[in-house]
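Please look through the model shown here. A short report on its ring pairs, its fold and its confidence follows.

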Amino acid sequence: MTFDGGPAGDPNRFGSEAFYASLGRAFVAMCAVVPVLFLVEALDVWLGAGFDPAAGIIPKRIEGLDGVFFSPFLHHGFDHLYSNSIPLILLGTFVLAAGVRRFLWSTLVIILVSGLGVWFTGSPNSIVVGASGVIFGYLGLLLTRGVVERTWWNFAVVLLVGLLYGWQLVGILPTDERISWQGHLFGLVGGVLAAVLFRRRPGVDAGYPLTTS
């Protein structure tokens, strides 16, 4: 287990200038994402564009399969979007701070696993939209990353995330509410998978010289 992530210029090294700079840039970037989601929702609501039925996930129907990619950008009203905004910014900041490339690949895996899980297991009489699957994916990714990368910094993130959003794990259980628990469950699974696939390997990813024996 390590406290430092690598050389002084490594943004994964806790307490370094590069670390705080990376975290700040990630926060600003995630704050910029949310207004885009609000713009999409505004166009849908105020112009009556009908994005939800046109681009949401319709389980078990071919015409609803493209919603796997589009549904995270759509929401069922502004209240739905408001409830997703803060956890998306917070969790997304920690995920993005570890590197843009890892963030993009991890997000893609989460979207695919969450969306396809909903499409295969959801009700064909429903339309599923929202970023909740991505949020649960980031939650699963951060929780798993603390274990697979074994650094004090990641364990601190796990503790913070667990205290703030660990209670939301009940959202993976079936309920009678009009909430896609399948999206939450498969999003969490996608996050765990992404954390393992794109884990940071000490030495190689930190810029240390390779040695052979």
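## A buried ring pair

Phe 103 is buried, and Tyr 138 is buried too. For both residues, that puts the relative accessible area under 20%. The model is predicted.

## Fold and surface

The protein has 8 helices and 0 strands. Along the sequence the pattern reads α-α-α-α-α-α-α-α. The chain counts 213 residues, and 46% of them are buried.

Consider contacts between residues at least 6 apart in sequence. Of these, 75% join residues at least 24 apart. The accessible surface is about 11,400 Å². Carbon and sulfur atoms account for 70% of that surface.

## Aromatic pairs

How many aromatic pairs does a search of the whole structure find? The search returns 6. One of them joins Trp 46 and Phe 78, with ring centres 6.0 Å apart. Their planes meet at 40°, so this pair is tilted.

Trp 46 sits in helix H1 (residues 17-46), and Phe 78 sits in helix H4 (residues 78-96). The pair therefore ties together parts that are 32 residues apart in sequence. Is Trp 46 buried or exposed? Trp 46 counts as exposed, because its relative accessibility is 67% and the cut-off for exposed is over 50%. Phe 78 has a relative accessible area of 23%. That makes Phe 78 partly exposed.

Phe 103 and Tyr 138 also form a tilted aromatic pair. The distance is 5.8 Å centre to centre, with 35° between the planes. Phe 103 belongs to helix H5, and Tyr 138 to helix H6 (residues 132-148). This pair ties together parts that are 35 residues apart in sequence. Both of its residues, Phe 103 and Tyr 138, are buried.

Ring pairs also build a cluster. Its members are Phe 38, Trp 46, Phe 78 and Tyr 82.

## Confidence

The average pLDDT of the protein is 82. A score of at least 70 is reached by 80% of the residues. Which helix has the highest confidence, and which the lowest? Helix H5 (residues 100-121) is highest, at 95. Helix H7 (residues 152-165) is lowest, at a mean of 73.

Where pLDDT is low, predicted coordinates should not be read in detail.

Notes
Residues numbered from 1 in each chain as written. Predicted model: local features only at pLDDT ≥ 70, side-chain atom pairs only at ≥ 80, totals over all residues. Heavy atoms only, no water. Helix = DSSP H or I, 4+ residues; strand = E, 2+ residues; numbered from the N terminus. Buried < 20%, exposed > 50% of the residue type's maximum accessible area, 1.4 Å probe, protein only. Contact = heavy atoms within 4.5 Å. Areas by Shrake-Rupley, 256 points an atom, 1.4 Å probe, with all protein chains shown as cover. pLDDT = per-residue confidence, 0-100. Phe/Tyr/Trp six-rings, centres within 6.5 Å; stacked < 30°, edge-to-face > 60°.
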